[in-house]
Amino acid sequence: MYCQVVFPLPFRNSFTYSIPKELEEFVKIGVRVVTPFGKRILTGFVISITQETELKEKIKPIQDVLDEKPIFDEKELKFYEWISEYYISSLGEALRNAVPYGSDVETKRKIVSETNFCFDLYNKETNKKTLRAKLLLALSEKEVNNVSTLQKIVKKKNIYSLLRSLEKIGAISILDLVDEGKVRIKKAKFVELAKSIDEVYNTIPEIEKKSTKQLVILLELLNQKEAIQQSELIKKTNNTISSINALEKKGLVRVIEKEVDRVYHETYTEEKSTIQLTEKQKNVIDKVSQKIESNEFESFLLFGVTGSGKTQVYIELAKKVIEQGKEVIILVPEISLTPQITSRFFNYFNEIVTVLHSKMSLGERYDSWRGIINGKYKLVIGPRSALFAPFKNLGLIIVDEEHDQSYKQNEIVPKYHARDAAIMRAKFNNCPVLLGSATPSVESMFNAKSNKYTLLELPERIDNAILPQIKLIDLTIEKKKGKMESVFSHTLLEEIKQRLLKKENVIILQNRRGFATQVFCADCGEVVMCPNCSVSMVHHINKNILQCHYCNYIQPVPKACTTCGSIALKFFGTGTQRVEDELTYYFPEAKIERVDSDSTSKKGSLGEILNRFRKGEIQILVGTQMVSKGLDFGNVTLVGVISAETSLWIPDFRSDERTFQLLTQVAGRAGRSEKIGEVLIQTQNHKHFVLQKVLMNDYNGFYEKEILLREQNGYPPFTRIGIIEVKDENEEHARGAINNFYEFIKKYQNRLTITPPTEAIIYKIKGFYRWHILIKSNKKIDAGGKTLRTAIFESLIEFNQKSRFRDVKISVDIDPQSII
Ligand code: ADP
Ligand code: ZN
Ligand code: ZN
């Protein structure tokens, strides 16, 4: 028998291997196998099995089978094929999403050097600045190196020929060492009784005379009746390992090894409340339930204002699915930012729910994933990557806050959109998919209005809570009247004061981290920029440093301007730290916490802050967009926005939409119970239509205006966009590559709108120069996007064959979330 295998690498073909007799029963579609590949060992996915092969050359056998149970079946394979076709990647790259990071077996190329020999050679070099000299120095300092670290040290990619010449003279060996995977199944020691209960009881009087320590262990084991983890037993009985060893010698207990699960614990917790569903909620649940019961695909868009009880709808639907013996995937934007929804699901489903996200350890993620495959879990909550949870019998996919841009994978190929991919996975699995939001994306609302999705609505808040009153504060007028205290208007300060007196809580949004977002010289106007990126450095006051928010480059705060030497340095632009700082000045008595990625990088810290906020130990939360996401606290009666402009003027076709969503979402955090909420938004653009629609709480009005703009300017949902991005540390190479690619794709100009290469708006990031080609395809002519994909695909092939810059990295982003 033979199997066809694809690898999680950029090449598109599959490879045929023979299956040794003894492995035949283990090889199935959807398992991973360990195979020889050239001189290396790689892990690949089995996508088909055949009795025969027409290949004539020598076929190698697979070496091992990694998975006991398949990760995907034939219908899921179709889903992964769709992803790779639509987002233009190899099938293996798409399938890579189905397995947890770190569980593959593969060989890593290692360079093992004779350090002394390399040092001698280095000393003999006359010019110590040559590539060879630099490399020799690195090789003399460390015995085992990865190729990539060496490349970084010498800042050059093509070091292979040099390495091979060093290997020839015996200075180094290039070895392919097998890396067994970074995560394993965890085992731990357990203690159990080695004799029958009666026999143990009989020995008790004698043990009691000799050692009370051993006695408590026996009593504990008799009490538990099953094996207990050794560490737990020692802790519980306040004992030491020697007592257990002594009992083992007497033949009374046995120490065994057992598999243990690493389980992630959410730090945020709240009480479960009993809930009587509203008629509107029931209606929504009915519509979706019908499709769950009949195993039919359908896309629903649940448009429910903030606080309308969407989460409860998700919980009820999940119950239905589980009653039917099926499984549920719940996607949330960034799970570490939404501990509240996670804790509610834990309250209802306990041990059958699991989470998958990046703040878990590798081991916790691996165990969670294995629990899904083994049927221990029926429900998974997680960010975009949880869409690939290896369930076999999917009954429903929920995408909460479907408008959120974090659903788009921006870095790794394939650059999929989890919401759109969720719809396809549901389709292949014959189950419904529910997209929920208080501010649906323009695309989804368009699909609902054109009957591609079924629109469901929850237009009112629970318990007749009313949507908060929103007011715009015109900063230009306030300034003229002298009514500003630094970044705060008198009105906002006064309202905060009132809430604190009433023991109510306040949320303040400023969507920028740091203290000052620019440092500039008042004499020559020079702004301190990151040396690696074309963005300004941000001042962080608690560490008193300047930091780049794109590459994390850090430098001390300069004492004088590096261009003209003037000491008149000014700090400009407001970040969360500055807002926090000023609030502490105005309200020294209040307990204030900041929520942004600087303050919550530690695992569990956001959950802890939210726990304290819920209990009233914190009165004011200041934060970036993180405070706009999903928080449900009845005692918040005031939301203040320091500046509505942080996202409004970003040169991107989605910036109006993002601003509307951000402001509406953060406003939705106020007045969620019987207490009425108020929202104050400070702005210099109060006439802008986005702010006017936020003010009126008018999503539909916003949508109508925005969809017209999209149509006029030829943006989605009327067109489908693809961006070709070239990145290189060498400016000439980047430009050369993009120009070459443009030559190839130009011939499709009669069917697509292709803009000539332009420098990306942030031209340099992390030292890489970036160029873009924007391609638009009109959906009236190219409904499914086939023309767009073919043009890109064919041009990539041509580029790889003909361009002299083919080593430069080109990436494709279909349906990009941002074009900067
Ligand atoms: P959304 O997700 O739409 O913003 P939530 O699901 O968080 O809203 O609901 C808001 C609040 O109302 C939550 O505290 C939730 O427990 C509560 N809730 C939801 N449905 C009901 C109901 N039928 N009766 C009473 N309270 C409810
Ligand atoms: Zn200067
Ligand atoms: Zn930078």
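Guide: F520 is partly exposed, with a relative accessible area of 26%. This is a predicted model, where local features need pLDDT of at least 70, side-chain atom pairs count only at pLDDT 80 or more, and totals for chains, interfaces and linings use all residues. Residues are numbered from 1 along each chain as its sequence is written, and side-chain values use heavy atoms, with hydrogens and water left out.

Visitor: Why is F520 called partly exposed?

Guide: Buried means under 20% relative accessible area, exposed means over 50%, and partly exposed is in between (1.4 Å probe, protein chains only). F520 has 26%, so partly exposed is the term.

Visitor: What makes F15 and F37 an edge-to-face pair?

Guide: Two things describe a pair of aromatic rings: the distance of the centres and the angle of the planes. Rings of Phe, Tyr and Trp (its six-membered ring) pair if their centres lie within 6.5 Å; planes under 30 degrees apart are stacked, over 60 edge-to-face, and the rest tilted. For F15 and F37 the centres are 5.2 Å apart and the planes stand at 85°, so this pair is edge-to-face. F15 lies in strand 2 (residues 15-18) and F37 in strand 3 (residues 32-37), 22 residues apart. Strands (E, at least two residues) and helices (H or I, at least four) are DSSP runs, numbered from the N terminus.

Visitor: Is F37 buried or exposed?

Guide: Its relative accessible area is 17%, so F37 is buried. F15 has 25%, so F15 is partly exposed.

Visitor: How do you know that the charged end of K776 sits over the ring of Y715?

Guide: The rule asks for NZ of Lys or CZ of Arg within 6 Å of the ring centre and within 35 degrees of the ring normal. K776 is 4.1 Å from the centre of the Y715 ring, and its charged end sits over that ring. The charged end of R370 sits over the ring of Y366, 5.4 Å from its centre.

Technical notes. Chains lettered and ligands numbered in written order.
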